[in-house]
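Good morning, and thank you for making time for this item. Please look at the structure on the screen while I go through it.

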Amino acid sequence: MLKIQEVKTLVETGKAKKIQAIVQEALDAGCPAQEILNAMIDSMGVVGDKFSAGEIFVPEMLIAAKSMAKGVEILKPVMSGDTSSSLGTCIIGTVAGDLHDIGKNLVSMMIESAGFDLVDLGVDVPAQRFVDAVNENKNVVLVACSGLLTTTMPALKEAVQTIKAALPEMKVIVGGAPVTPDYAAEIGADGYAPDAGSAGVKAKELVN
Amino acid sequence: MIIIGEKINGAIPSTGKAIAEKDKEFIRKLAIKQTEAGADFIDVCASVDDTIELETMKWLIDIVQDATDVPIAVDSPNIYTCIESMKYCKKAGLFNSVSLEGDKIDLAFKEIADTNWECVALLNSDKGIPKTAKDRLDVFTDLMGKCKEYKIDPSQIHIDPLIEMLCISEDGIATVVEVIREIKKQYPIIHVTGAISNISFNLPARRIANQAFAVLAMSAGMDSFILDPLNKDMMGMLFATEAMMGEDEYCIEYISAFREGKFVK
């Protein structure tokens, strides 16, 4: 169990170069892969919370996620075929007319680190494309739409409403600098997150 | 980035007073504070009469070594003082400094050869301080010849391109920049160093000029700095510049230095 604690520390401090060896050691010591994965997800939760609280900076969150991704590479062959570990698939994209992807990518990272499979549609995504992506992919449980510009707020609304019209049961989460919780509720989204750290937490909350 | 902490120098009035009064605690605190601030070497320069220089160096070095594990830069204009002072050091440090004046370099390199000591080398010769970039680079070429002769690796050498005061310079720092760039082009692993605050002698608001110089010199290739590591503005400027030069992935060094209090908001 000491090894798992070590893995957690390496995720939280973003030691991407060291983590693979330690994850392997944890497996060799008999720790179940699922348990190691859960520990890393918990650590990313801690990282996300620290980021939301302003205790750490963006690069520190980036290297933590990078570190986790490195660790997952070791777990994947051991866990392949086992889909029970996933929380489901999340479709993410920046809405039509908006080319911003830095914030969206951070959110992707945190949602993926929270235990989702992620399909990233990129930027300038037309509303219908979100719906198509839900139908094209397996086990989609969540759609995340991002918009950074005040001028693309209507596109965000259109995206949410198009998704909800076609797939009334689908959970939709929105975010981006000009978005407020009130606006999110007004356009019919199920959830809102003010930053990447809370996006991971909120995403989990919506599908549980 | 290599930081050579300059505070233990008898030429600084408060340090000079502490040396004169044998104030051990004062020196000890300077060593500890500079260590905490991230110094890679603690420079020790007695700046006292020749007759007591060596014993003063020994006294200072003993105090510093007792207070910190950071290696020492033995600093004196007298080459024999530097050579003798090496013997007081428990581990390899920095020889500060040699030049091509007289037989200084042979005397020093004989001692440095086959050790892990590093060495600051000034680009002046018997003819004084060369005026043009070309003349300084000629001195540099001679110097590297000596390194080869004594089998001293370029990575052990910190070239001081000779920083003169900005206020009487005819070309700002253009000459120095040219020299630094050429040196780094020829020997990418060599270090280029300098006493940053020399640039701003006789100017008001010296810290501003010092910072501007540090940024530009670093951009040219300077990677070793003789300065006061307790100067947080300067330290922050160096870490920020390093990140902007693409030498600090994810700005982690910058963020860590900030967290460690090396500079503040």
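This is a predicted model: local features need pLDDT of at least 70, side-chain atom pairs count only at pLDDT 80 or more; totals for chains, interfaces and linings use all residues.

Residues are numbered from 1 along each chain as its sequence is written, and chains are lettered from A and ligands numbered from 1 in the order in which they are written.

Let me begin with chain A. Its domain assignment, with bounds from an automatic or database source, gives domain 1 (2–79) and domain 2 (89–207). Taken over C-alpha atoms, the centres of these two domains of chain A are separated by 25 Å. Where they meet, 11 residues of domain 1 of chain A are in contact with 12 residues of domain 2 of chain A; contact means that the C-beta atoms of two residues, placed from the backbone, lie within 7 Å. On the domain 1 side, helix 3 (33–52) and helix 4 (58–79) of chain A are the elements that give two or more residues. Here helices are DSSP runs of H or I with at least four residues, strands are runs of E with at least two, and both are numbered from the N terminus. Helix 3 of chain A gives the most to that side, namely seven residues. By type, the side of domain 1 of chain A that touches domain 2 divides into seven nonpolar, three polar and one charged. In this scheme Ala, Val, Leu, Ile, Met, Phe, Trp, Tyr, Cys and Pro are nonpolar, Asp, Glu, Lys and Arg are charged, and the others, Gly among them, are polar.

Chain A also has an open sheet of five strands, in the order 2-1-3-4-5, with parallel pairing; two strands pair if DSSP finds at least two bridges between them. Strand 2 (117–120) and strand 5 (191–192) of chain A are the edge strands, each pairing on one side only. Strand 4 (residues 171–175) and strand 5 of chain A run parallel and are joined by two bridges, and A:Val174 has A:Tyr192 in strand 5 as its bridge partner. Helix 7 (residues 153–166) of chain A packs on this sheet, touching strand 3 (140–146) and strand 4, and its direction makes about 175° with that of strand 4. Helix 9 (residues 196–207) of chain A packs on the sheet as well, touching strand 1 (89–94), strand 3, strand 4 and strand 5, at about 165° to the direction of strand 4. For these angles, axes are lines fitted to C-alpha atoms, for helices over the stretch in contact, and the values run from 0 to 180 degrees between N-to-C directions.

I turn to chain B. Its open sheet has eight strands in the order 7-6-5-4-3-2-1-8, with parallel pairing. Strand 7 (191–192) and strand 8 (224–227) of chain B each have a single partner strand, so one side of each is left without a neighbour in the sheet.

How are the residues of strand 5 of chain B placed, buried or exposed? Six of the eight residues in strand 5 (residues 118–125) of chain B are buried. A residue is buried if 20 or more other C-beta atoms, placed from the backbone, lie within 10 Å of its own, exposed if 12 or fewer, and partly exposed in between. Five bridges join strand 5 of chain B to strand 4 (residues 94–100), in parallel, with B:Val98 partnered by B:Ala121. Four bridges join strand 5 of chain B to strand 6 (residues 157–160), again in parallel, and B:Cys119 stands opposite B:Ile157.

One further residue of chain B deserves a remark. B:Ala46 lies in the loop between strand 2 (41–45) and helix 3 (50–67) of chain B, and it counts as buried because it has 29 C-beta neighbours inside 10 Å. Beyond four places in sequence, its contacts include B:Gly10, B:Ile19 and B:Ser76.

Finally, what does each chain give to the contact between chains A and B? Chain A gives five residues and chain B gives four residues. The chain A side divides into four nonpolar, no polar and one charged.
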